Amino acid sequence: MVPKNKKMIVFDLDWTLAPSKAEIDSEMAELLVELLKKYKVSVVTGWDYERFDKQIFQFIWDDENILKNFYACPTCGTKMYVYKDWNWTKLYSEDLTEKEVEYILNTLNEAIDTLGLRPEKTYWELVENRGTQITYSALWQQAPLEVKSVFDPDFKKRLKIKEYLDPRLEWFSALVAWTSSIDITREWLDKAYALKKLEKESGIAIGDMLFIGDALMEWWNDFPVLKTWIDALQTKDPEETKKMIRGLVK
Ligand SMILES: [Mg+2]
């Protein structure tokens, strides 16, 4: 049963609203619009803003009265976007400072060279500055999934880099991500952080929010929200999420 006394419904993105990196389908788009008529809605992800454009925004109805209830939280709430004057507008972005970026980039490049993990020839940016996060991509972001999946399936290469980085990047956290990357952010930027930022920006207490995600199991990426004692529901896939949304809008 879905609790109906909530004011805001917070979703994870990948495998909760849509398959990873894929668009929401038309049925999910309609359900989100229905939900936005009754609740504030937020989507929290580790991905950057462009994923919202590609996976969600272009499929939901362009009505300011409804979209004003949407809070988009890319990169775990270190950025937040709301709909204002017919545009998705950035409320804030907690970018790394120039000094922080320089230090992280130097340390990361040093790790790659010291460990002999620099490819002889690259066709992509090995290290990318996403403003609030530095990402190391062992393979090109757009490389086919089959290629990425065989690169480091047992995480050994990336764990070596992480071991090198951890004592040197004390105030940051380096997390092995996706199939061939490492994400470096300021320490403890997880989905619990995003909920605290949402509480501050929306004025809605975490106790009045409901979280729905596919990865609430221990040490998976939705797990940190449980630190905040938010009411949370585990979903199996977007189809199950649709059932939950139907229960909320009914
Ligand atoms: Mg997920």
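**Rings, strands and a metal site**

Tutor: To start us off, the charged end of Arg51 sits over the ring of Trp47, 4.8 Å from its centre. Here a charge counts as over a ring if NZ of Lys or CZ of Arg is within 6 Å of the ring centre and within 35 degrees of the ring normal. Before going on, note that this is a predicted model, where local features need pLDDT of at least 70, side-chain atom pairs count only at pLDDT 80 or more, and totals for chains, interfaces and linings use all residues. Residues are numbered from 1 along each chain as its sequence is written, and side-chain values use heavy atoms, with hydrogens and water left out.

Student: How are the rings of Phe57 and Trp88 arranged?
Tutor: Rings of Phe, Tyr and Trp (its six-membered ring) pair if their centres lie within 6.5 Å; planes under 30 degrees apart count as stacked, over 60 as edge-to-face and the rest as tilted. The rings of Tyr49 and Phe57, with centres 6.1 Å apart and planes at 50 degrees, are therefore tilted. For Phe57 and Trp88 the centres are 3.7 Å apart and the planes at 5 degrees, so this pair is stacked.

Student: Is Trp88 buried or exposed?
Tutor: Buried means under 20% relative accessible area, exposed over 50%, and partly exposed in between (1.4 Å probe, protein chains only). Trp88 has 17% relative accessibility, so it counts as buried.

Student: In β5, what is the bridge partner of Tyr83?
Tutor: Strands (E, at least two residues) and helices (H or I, at least four) are DSSP runs, numbered from the N terminus, and two strands pair if DSSP finds at least two bridges between them. Strand β4 (residues 79-84) is joined to the antiparallel β5 (residues 87-93) by 6 bridges. Within β5, the partner of Tyr83 is Trp88.

Student: What are the protein donors of the magnesium ion?
Tutor: Donors are N, O and S atoms within 2.8 Å of the metal (3.2 Å for Na, K and Ca); water is not among the atoms, so sites may look incomplete. Their spacing in sequence is D-x1-D-x199-D. Lying 2.2 Å from the ion, the donors are Asp12 (OD), Asp14 (O) and Asp214 (OD).
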